[in-house]
Amino acid sequence: MISIPKGTKDVLPSEVYKWHYVESLIRKTASDFGWLEIRTPTFEHTELFLRGVGETTDIVNKEMYTFLDKGNRSITLKCEGTAGAARAFIENGLVSQAQPTKMYYITPVFRYEKPQSGRLREHHQFGVELFGSDTPFADADVIMTAKTLLNRLGITDLKLNINSIGCPECRKNYNEALKAYFSERADKMCPTCRERLQKNPLRILDCKVPECGELAKDAPVTLDYICDGCRQHHDKLKDILSYLKVDYEVNPKLVRGLDYYTKTVFEFISNAIGAQGTVCGGGRYNNLVEQIGGPSVPGVGFGMGLERLIMVAEAAGLYLGERQKPLIYIAPLGDEQYIYAYGLVNGLRQKGITAETDITGRSLKAQMKYADKTGARYVAVLGENERLSGVIKLKDMANGTEEEINISELTERLGR
Ligand code: ATP
Ligand code: MG
């Protein structure tokens, strides 16, 4: 038996309805907020992620699925959604169209991580990317999209944390302060963080090693170092959220695991599923487009983990749609009836009615058991009498009642 690769999951036919439900809420919510879908390839040139995600991140350092293709090109499976969207934005000339550009996607994401609950090697994200506006209203658009989706799913126990990590200008001072603080404590830090100390001290605050987390608790915070412009942006976003009566907390320790963020960063966190509780993470990335070779265009967006989202919804016992069930199961009785039953079912299907019949050749008793398992709402036995008279008994499985009905009126009776 060849088994599934570590850290990946099958979604079985019996549970896929949950995904359909979540995806349809996503598409509706995205549409209400004016996002249009973008579909980018599952793999990109490795260079895109090196430049777009950053060489000091966990993703680029440890987690990318990178290989040489047969033409000796270095290719990487999508390890996040933003870089591909930004590349497409530049490459297809969307830059020169009316701004802002509001795009969303639902995509698989591949990261070589240590698999555990809520942490997979292939997971799926709903993401939005807004290019071409640097106002806090754009940040609010992004945050409110996530918030609205979570509300529509019925998830209420989520915390919204926001922070500002400033712009490259004010980050210089902040980086100095961080370097000074962590240099004195370098002996207690993990080897990766000792490297980060030189290249990108901000990343230390995002380290998952407990010792580094302890040290980070007393580290200088960004909000004490940001410039006037960044502070105004941050304050205005808070005003907007308050005006919309959205609960949030300013978490001065919040940074994001990706290099390209500027100003606003935010996360939605749930307590329902333990350690891997961050359902959605996002923020502003004003330097990304330029960093991957485009003009200077600001951007803001988020990525939301769908496996975690479904886990949270399940833990809270929320409605996640229903498994598809046949509206009617027609059970042929006797060999001669099979083709007639099959024709009948085919006709119903053509009219958009979910109908089933036997295609295995099992006994009537076994058919009844099977029909029950499928959750069919109505069951009708089709024997020789029924075929000749053109009248069948429709049994309503919801309440056990039976009614006689002309086969010719079946479509109408079943509601189409
Ligand atoms: P974490 O801190 O949990 O590693 P991250 O900062 O790497 O998260 P992002 O890159 O911001 O996460 O991805 C956006 C969202 O995608 C996360 O908030 C999470 O819900 C989900 N996600 C990220 N990595 C995984 C994974 N390996 N398995 C499942 N979901 C994930
Ligand atoms: Mg991660």
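Modeller: Two strands count as paired if DSSP finds at least two bridges between them. Please note that this is a predicted model.

Biologist: With that in mind, how many bridges join S9 to strand S10?

Modeller: Six bridges join S9 to S10, residues 278-284, and the two strands run antiparallel. Within this pairing, phenylalanine 266 stands opposite glycine 282 in S10.

Biologist: And which way does strand S7 pair with S9, parallel or antiparallel?

Modeller: Strand S7, residues 158-164, pairs with S9 in the antiparallel sense, over seven bridges. Here asparagine 161 is opposite glutamate 267 of S9.

Biologist: Is S9 mostly covered or mostly open, then?

Modeller: S9 spans residues 262-270 and is mostly covered, with eight of its nine residues buried.

Biologist: Changing topic: which residues line the second largest pocket?

Modeller: The lining consists of Lys9, Asp10, Val11, Glu15, Lys18, Trp19, Glu122, His124, Glu307, Ile310, Met311 and Glu314. Helix H1 (16-32), strand S6 (122-131) and helix H11 (306-315) are the elements that each give two or more residues to this lining. H11 gives the most, with four residues.

Biologist: How many of the lining residues are charged?

Modeller: Seven are charged, while four are nonpolar and one is polar. The space in this pocket comes to about 260 Å³.

Biologist: Lastly, what are the domains, and how far apart do their centres lie?

Modeller: Domain 1 covers 16-167 + 226-315, and domain 2 covers 328-414. Their C-alpha centres lie 49 Å apart.

Definitions and conventions
Residues are numbered from 1 along each chain as its sequence is written. Chains are lettered from A and ligands numbered from 1 in the order in which they are written. This is a predicted model: local features need pLDDT of at least 70, side-chain atom pairs count only at pLDDT 80 or more; totals for chains, interfaces and linings use all residues. Side-chain values use heavy atoms; hydrogens and water are left out. Domain bounds come from an automatic or database domain assignment. On a 1 Å grid over the protein atoms alone, a cavity is a set of points where a 1.4 Å probe fits but cannot get out, and a pocket is an open set with protein on both sides within 12 Å along at least five of seven lines; lining residues have an atom within 4 Å of a point. Grid points are joined across faces, edges and corners, and a volume is the space filled by probe spheres set on the points. Ala, Val, Leu, Ile, Met, Phe, Trp, Tyr, Cys and Pro count as nonpolar, Asp, Glu, Lys and Arg as charged, and the others, Gly among them, as polar. Buried means under 20% relative accessible area, exposed over 50%, partly exposed in between (1.4 Å probe, protein chains only).
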